[in-house]
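Here is a short report on one protein chain. Look through the structure before reading on.

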Amino acid sequence: MNHSDLLAKAPSLAAAMAAADHSPNSQLTQTRHRAALVADWHIAPGSTVLELGCGQGDMTAVLAEAVGPGGRVVAVDVAPPSYGAPVTLGESAARLAAGPLGPRIDFRFGTDVLDAAVDFPENTFDHVVLAHCSWYFTSLGQLRDTLARIRPWARQLWFTEWDLTPASDDQLPHLLAVLIQGQTEAAGSHGEGNVRTPFSREHLLRLLPETGWTADSSEPVGTAQLQDGDWEIAACLEVLANEERLATLPEPVRQLLLSQADILRALAKPQGNRALAAYSVTAH
């Protein structure tokens, strides 16, 4: 499927998502972003794809459209089906499974690919995808082990994540929100937010050879319409309002975070904060 065809499918794919019942405009924006990514990845009809960190299936739906009726997407997430709000992972998967894309998708929630019981023969998949999920990992060590674990299973890796290097001043609030959440997690105060282990694009490129992957390309990805800047700022302010959680931090870390919070509040707008850019890396 070519670039324009997949982008043209974005409205119908977005409408198939359970989250569209709650925020249709946001869902359409998120789906269009993922459709643009997959269109540039040249995933041929009939392909087999392993998607890690599938969440509610935003990328899963687009991948299932790209592989066509003869293809297959195994969508894996370590979280249980009950995770997520206002729509759970299980509810979203059930909606997709009941639609025309359902026969192409195999959802596997509560599945950790580092578990020895989870295994696939060599080159089972044409592609393995990690899309905006790697900051959920509890540590870079866990990400390193995961990349090494999946190496024999697939021929090609497609990886996309937010870029920590801001391209403009109006992306600084999103950056601060990410760093504050990452520092809170790194200091031992753990939550259930989207940001647990933020790392740079350069760090990923250093990590790939250690896990058996060879990077082919690294490209910037536009995010101008995405709402994630607002979402992560709100999530960060919620963390900062949790006095019990902050009280568990070492005092020097807590004071550092509070100062960064002052800057975040001074720079952030009530709505319409510009998201960081993203990047896409391909490897074999």
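Predicted model: local features only at pLDDT ≥ 70, side-chain atom pairs only at ≥ 80, totals over all residues.

Residues are numbered from 1 along each chain as its sequence is written, and side-chain values use heavy atoms, with hydrogens and water left out.

**An enclosed helix**

Helices are DSSP runs of H or I with at least four residues, strands are runs of E with at least two, and both are numbered from the N terminus. Buried means under 20% relative accessible area, exposed means over 50%, and partly exposed lies in between (1.4 Å probe, protein chains only). Gly68 follows H4 and has a positive phi, near 75 degrees.

**H6 against H8**

Helix H6 (residues 140–150) packs on H8 at an angle of about 45 degrees, and the axes are 9 Å apart. Axes are lines fitted to C-alpha atoms, for helices over the stretch in contact, and angles run from 0 to 180 degrees between N-to-C directions. H6 and H8 are therefore oblique to each other. Oblique is what remains after roughly parallel (under 35 degrees), roughly antiparallel (over 145) and roughly perpendicular (65 to 115). H6 contributes Leu140, Leu143, Arg144 and Leu147 to the contact (heavy atoms within 4.5 Å). H8 contributes His203, Leu204, Leu207, Leu208 and Glu210. By class, the residues of this contact are 6 nonpolar, 1 polar and 2 charged. Here Ala, Val, Leu, Ile, Met, Phe, Trp, Tyr, Cys and Pro count as nonpolar, Asp, Glu, Lys and Arg as charged, and the others, Gly among them, as polar.

**Thr211**

Thr211 lies in the loop between helix H8 (201–210) and strand E6 (215–221). Is Thr211 buried or exposed? Its relative accessibility is 5%, so Thr211 counts as buried. Leaving aside residues up to four places away in sequence, Thr211 touches Arg144, Leu147, Ala148 and Arg151. The C-alpha atoms of Thr211 and Asp145 are 7.5 Å apart, although 66 residues separate the two along the chain.

**Salt bridges**

Side chains of opposite charge can pair when their charged atoms come close. A salt bridge here is a side-chain nitrogen of Lys or Arg within 4 Å of a carboxyl oxygen of Asp or Glu. The count by this rule is 10.

| Pair | N to O distance | Relative accessibility |
|---|---|---|
| Asp21 and Arg95 | 2.9 Å | Asp21 56%, Arg95 31% |
| Arg201 and Glu202 | 3.2 Å | Arg201 24%, Glu202 32% |
| Arg254 and Glu251 | 3.1 Å | Arg254 25%, Glu251 41% |

Asp21 and Arg95 meet in a salt bridge. This pair links distant parts of the chain, 74 residues apart: Asp21 is in the loop between helix H2 (10–15) and helix H3 (24–41), and Arg95 is in helix H5 (residues 89–97). Asp21 counts as exposed, whereas Arg95 is partly exposed. Arg254 and Glu251 sit 3 residues apart in helix H11 (residues 251–267), so about one helical turn separates them. Salt bridges with shared partners also join Arg72, Asp106 and Arg108 into one network.
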